Amino acid sequence: MEAEVSFTSFITALMLTSVPGSAVILYLKVRRSHFSKTDVTLLLTAFGVLAARLLLPVEVLTVTHSVFVTRIYPDFCKCLQTPVIGELSLSACFIILSLAGSVILTTRRIRLYVQTARIVRRGKVSGYYPAAGKDLPIIESALVTEPFLIGLLHPAIILPAELHGNREDIILHEANHYLHHDLLCKSCFELLCMIFWWNPLIWLLRRETANMLELRNDFHTTAGFTMEEKLRYAQTLLAEAKKLTRAKEKRPALAGIGLDSSGSFLSTRIHSILEEPQKNRTMLPVLILIGAVLLSFGVIIEPSSPPMGAGYYSCHPEKSFIIEDNGVYEIYLDGVFFSDYDYIFSDFSELKIYQKGEYHDKKIIFNLIRRIHLSHTAPCQYLCSPL
C-alpha cells in the first residue's frame, strides 16, 4: 500500500476533521451534565482519531476515491497558488508563517517546562509511591499552587506545601495519571497545538481532551470507593479548585501546569463521580464521528474547472503517463488506457514516458488500478483530443 501527501490531501484532512470535530465540541458544549465511563472512553477515542487524521493527511493510492469539486474550491486553490511576494505563492507564505509560529511556540513551551521542572525538583522529597513497579517520588514545593505529575522519562508527583484536600486522595489521583499514561496523551495534543497553532479547533480539542482525561482519572481513583469516600474526594476537588482560583491571580506563570481541567467542568466531574448515568448518551454521535473520520481516509477532495465545449479530456498530470513499446506510445490518463500513437502529440508532451517493462514501478501499478475518473469533471489539466 502506497500513500502520499499532497496539497489537496492536506486540505482534505483539514476539511473532513473540522466538520465532525466542531460538531462534537458543540455537542459537549450543549450537554454539560454528567458522563459515564463508556462516554469518556468513546470521546477520548474520537479525539485520538481526529488527531491521527490531522497528523496523517495522506492519500492512499489504492484506496482513495477522488471527489471533484467544480465551484468555489478551484478558485480557492488557484488563489493559494497566486504569487504574493516575488515568486512565493500565498500557500508558500502560509507554510513559512506556520513553521515560524510553531518554532516560536514550541521554544516558549519547552523553556517554561524546563524552568518549572528545575524549580519544582528542588523541593523536598517527602516519600515515594509505588506504581506499576516504579517508585514515584513525592516532592513538596512551596513554589507551586496545585498538585500535578511531571516528567515523561522520570515522572514525579509534585505537591504544594499547603494542601486543602485529602493528601492520600490527591497522591492516588496523580499516580493514576501515571498508570494510564495521561501525561503522554496530553503531550501529544500539545504537539498537535504546536503544529496547528492557527487552528482554533485544535485548542478546543486539547481542552476537552484534558477534561476527559481528568474525568477518566476520577473514575479510576474512586473505583471501589464507598459513597462516603466519594464525597470526601469531591470535597478535595472543590477545596483544591478554590485554592487554585486564588493562587492563579498571584502566580499565573506556575499555576495551571499539569493535568487540570477547566473550572466550568468541575461540577460535571463531581456529578459523574457521585451519580454515574446508566445510559450512554454519547455513544451514537461519537461512533458516527469516528466512522466518518475513518472513512475520510478513502476520500480526497480535488478541484476541477472543466472548460466549455467538447473534445477535451481531463487528467491529473501526476497520475497520467506514456509507455513506449517499440516505437508505439501508449497513453494512460489517470491510470486508464486512452489510446496509442506512433508519435507524441504536443498535447501529451508534458507527460512522463516509461519504457515497456517498467511495470514494476509501484506508482504506475497503483495508478493503473485506481478508479476511473475520465470525465468532464476530472481534475487539474485538460488535453485536447488529437482524434
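**Briefing on a predicted single-chain model**

The chain averages a pLDDT of 78, and 79% of the residues score at least 70, pLDDT being the predictor's confidence in each residue, from 0 to 100. This is a predicted model, in which local features need pLDDT of at least 70 and side-chain atom pairs count only at pLDDT 80 or more, while totals for chains, interfaces and linings use all residues. Residues are numbered from 1 along each chain as its sequence is written, and side-chain values use heavy atoms, with hydrogens and water left out.

**Confidence**

- Over residues 306-312 the pLDDT stays under 50, and the model has 12 contacts for them beyond four places in sequence; contact means heavy atoms within 4.5 Å.
- Residues 359-363 also have a pLDDT below 50, with 13 contacts in the model beyond near neighbours in sequence.

**Overall architecture**

- The secondary structure comprises 11 helices and 16 strands; helices (H or I, at least four residues) and strands (E, at least two) are DSSP runs, numbered from the N terminus.
- Of the 387 residues in the chain, 44% are buried. Buried means under 20% relative accessible area, exposed means over 50%, and partly exposed lies in between (1.4 Å probe, protein chains only).
- Among the chain's contacts with a separation of 6 or more, 73% come from residues 24 or more positions apart.

**Aromatic rings**

- The whole structure contains 4 aromatic pairs. Rings of Phe, Tyr and Trp (its six-membered ring) pair if their centres lie within 6.5 Å; planes under 30 degrees apart count as stacked, over 60 as edge-to-face and the rest as tilted.
- Phe10 and Phe196 form a stacked pair, at 6.3 Å centre to centre and with 15° between the planes.
- This pair links distant parts of the chain, 186 residues apart: Phe10 belongs to helix 1 (residues 7-30), and Phe196 to the loop between helix 6 (182-195) and helix 7 (200-221).
- Phe10 is partly exposed, with a relative accessible area of 25%, whereas Phe196 is buried at 4%.
- The ring centres of Phe35 and Phe265 are 6.4 Å apart and their planes stand at 35°, so this pair is tilted.
- Phe35 lies in the loop between helix 1 and helix 2 (37-55) and Phe265 in the loop between helix 8 (227-250) and helix 9 (266-274), so the pair ties together parts that are 230 residues apart in sequence.
- Both Phe35 and Phe265 are buried.
- One aromatic cluster is formed by Phe10, Phe94, Phe196 and Trp198.

**Helix packing**

- Helix 4 (residues 90-120) packs against helix 6 at an angle of about 140°, with the axes 8 Å apart. Axes are lines fitted to C-alpha atoms, for helices over the stretch in contact, and angles run from 0 to 180 degrees between N-to-C directions.
- The two helices are therefore oblique to each other; angles under 35 degrees count as roughly parallel, over 145 as roughly antiparallel, 65 to 115 as roughly perpendicular and the rest as oblique.
- Ser98, Ser102, Leu105, Thr106 and Arg109 of helix 4 meet Glu190, Cys193, Met194 and Ile195 of helix 6.

**Loop residues**

- Most residues other than glycine have a negative phi.
- Ala132 has a positive phi, near 55°, and is placed in the loop between strand 6 (124-131) and strand 7; Ala132 is exposed at 67% relative accessibility.
- His181 also has a positive phi, of about 60°, in the loop between helix 5 (167-179) and helix 6; His181 is exposed at 55%.
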